[in-house]
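Reader: I would like a close look at one part of this model. Please take me through it step by step.

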Amino acid sequence: MTITERLAELGITLPAPAAPLAAYVPVVEVGGMLHVSGQLPFRADGSIVTGKLGVDVDAEAGRDAAERCGIMLLAQLQAALGGDLDRVERIVRLGVFVASDPGFTDQPKVANGASELMVRVFGDQGRHARSAVGVPVLPLNAAVEVDAIVAVRAA
Amino acid sequence: MTITERLAELGITLPAPAAPLAAYVPVVEVGGMLHVSGQLPFRADGSIVTGKLGVDVDAEAGRDAAERCGIMLLAQLQAALGGDLDRVERIVRLGVFVASDPGFTDQPKVANGASELMVRVFGDQGRHARSAVGVPVLPLNAAVEVDAIVAVRAA
Amino acid sequence: MTITERLAELGITLPAPAAPLAAYVPVVEVGGMLHVSGQLPFRADGSIVTGKLGVDVDAEAGRDAAERCGIMLLAQLQAALGGDLDRVERIVRLGVFVASDPGFTDQPKVANGASELMVRVFGDQGRHARSAVGVPVLPLNAAVEVDAIVAVRAA
């Protein structure tokens, strides 16, 4: 099964990749690795999941926001790979930043929204190293931001 | 035009690279990639731009601080490359940490100070992936910290 | 002297590596590089050093917590390398996240707990690039989290 077929089976429709908010690019490929810029939790209607965990976003909504970041990562990968997600050899690393009240300590539970998506889509090749940390605030007041390093096969 | 000529044209004079604050090194080269330690916003007189965005530093001053971090990155690259900035093949990734009040959400605008500098100096080879996040506080109360991954050509 | 002998000389006993808190893996090896997930400051009894610098953890205790993160990194490397720490070619980069009150600015001093450990164990090959930043809170209320990129020799 191709990754595109797997996405269809999972009922995941990839949106248009988000334009960078500023003077950078979404993905840089170098030495067989894609470095993907931090992705925010866009909803299908183009709005963003905003707020802070432990204040106005609960862990389950945070988990869902992290999954939305993961879907944006997939959309960026698809665009960078000319549509061919089967060139993904390994999701190497996710960096997960969770907008958090200083009393909220469940960042791993939130980050799983992105991590589990990668395993559902890519299987063992989706199993990655990860750092998850709290931050006081993110661009556009987003609840979660996720960046990635991805190993790819030659085209 | 060489990058050194380009810097002169832009009126940018690179300072002496900052010594690490502690038990690490400014740059590690491995497999054709330079990993550059987090750089702080030093002024020409050796002082640092301090404070937090949304409290005592406004977005424009933050943008300027990020540009100063970018200039320190260039100074580190120059030192690591024995003066030859033309060995830079691609600015691959910038990590931008912005000392932020929890209510400040313009981290991308601040981070552009570093990002736009890279494009002015290196052109398309300066276009990079980026993550920009808020943090509550940085070393020495710096307003911004920026690290980098840079692909280089063999000497 | 092998690294295992060096650890013995330093009186460092590596614990069992920590299981990931969630849906990810501790280490991914790709292209001669190990990407190591963020490690928390576990004590020998399995408890974690918790709290925030500038509130309920002082700089010296923070430094010790960072060293514990470093020991967990070594334990993960040892497991990923089938016990052979001599395959470590270079500690390339440490990312150090310090749970900090907004008034605490000594993150470099804290981070040195991990950085100096790497140099004690690996000598010049332990000298790395580093970013150290404050964060409001970490998973499980840990005081410090450290991740790493490590270059390794072929087995």
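Reader: How do helix 2 of chain B and helix 3 of chain B lie to each other: roughly parallel or oblique?

Author: A word first: this is a predicted model. Now to the pair. The axes of helix 2 (residues 59-80) and helix 3 (residues 107-122) of chain B come within 6 Å. They cross at roughly 40°. Angles under 35 degrees count as roughly parallel, and 65 to 115 as roughly perpendicular. Helix 2 of chain B and helix 3 of chain B are therefore oblique to each other. The crossing of helix 2 of chain B past helix 3 of chain B is right-handed.

Next, the residues that meet. Helix 2 of chain B brings A59(B), G62(B), R63(B), D64(B), A65(B), A66(B), E67(B), C69(B), G70(B) and L74(B). An α-helix has 3.6 residues a turn, so residues three or four places apart point the same way.

Now look at chain C. There, helix 2 (residues 59-80) and helix 3 pack at an angle of about 40°. Their axes are 6 Å apart. Helix 2 of chain C and helix 3 of chain C are therefore oblique to each other. Their crossing is right-handed. Residues of helix 2 of chain C in this contact include A59(C), G62(C), C69(C) and L74(C). From helix 3 of chain C come, among them, K109(C), A114(C), L117(C) and V121(C). The contact in chain C divides into eleven nonpolar, four polar and four charged residues.

Chain A lets us check the length of helix 2. At 1.5 Å a residue, the 22 residues of helix 2 (residues 59-80) of chain A should span 32 Å. The end C-alpha atoms of this helix are 31 Å apart, which agrees. After helix 2 of chain A comes G82(A), with a positive phi near 60°.

How do the chains fit together? Start with chain C against chain B. This contact takes 26 residues from chain C and 24 residues from chain B. On chain C, strand 3 (88-99), helix 3 (107-122) and strand 4 (129-135) each give two or more residues. So helix 3 of chain C has a part here too. The side of chain C that touches chain B has twelve nonpolar, nine polar and five charged residues.

Chain C also touches chain A. That contact takes 24 residues from chain C and 26 residues from chain A. Strand 1 (27-30), strand 2 (33-39), strand 3 and strand 5 (144-152) of chain C each give two or more residues to it. Strand 2 of chain C gives the most, with four residues. This side of chain C has 16 nonpolar, six polar and two charged residues.

Last, the symmetry. A rotation of 120°, with 0.0 Å of shift along its axis, superposes chain C on chain A (RMSD 0.0 Å). That is the relation of a three-fold axis. The copies use different surfaces: 8% of the contact residues of chain C recur in chain A. Chain C is also superposed on chain B by a rotation of 120° with 0.0 Å of shift along its axis (RMSD 0.0 Å). Of the residues of chain C, V135(C) comes closest to the rotation axis, at 3.2 Å (C-alpha).

Methods: Residues numbered from 1 in each chain as written. Chains lettered and ligands numbered in written order. Predicted model: local features only at pLDDT ≥ 70, side-chain atom pairs only at ≥ 80, totals over all residues. Contact = placed C-beta atoms within 7 Å. Nonpolar A, V, L, I, M, F, W, Y, C, P; charged D, E, K, R; others polar. Least-squares fit on C-alpha atoms with pLDDT ≥ 70 in both. Expected span 1.5 Å × (residues − 1). Axes fitted to C-alpha atoms, helices over the stretch in contact; angles between N-to-C directions. Parallel < 35°, antiparallel > 145°, perpendicular 65-115°, else oblique. Left-handed = near helix turned anticlockwise from the far one by under 90°.
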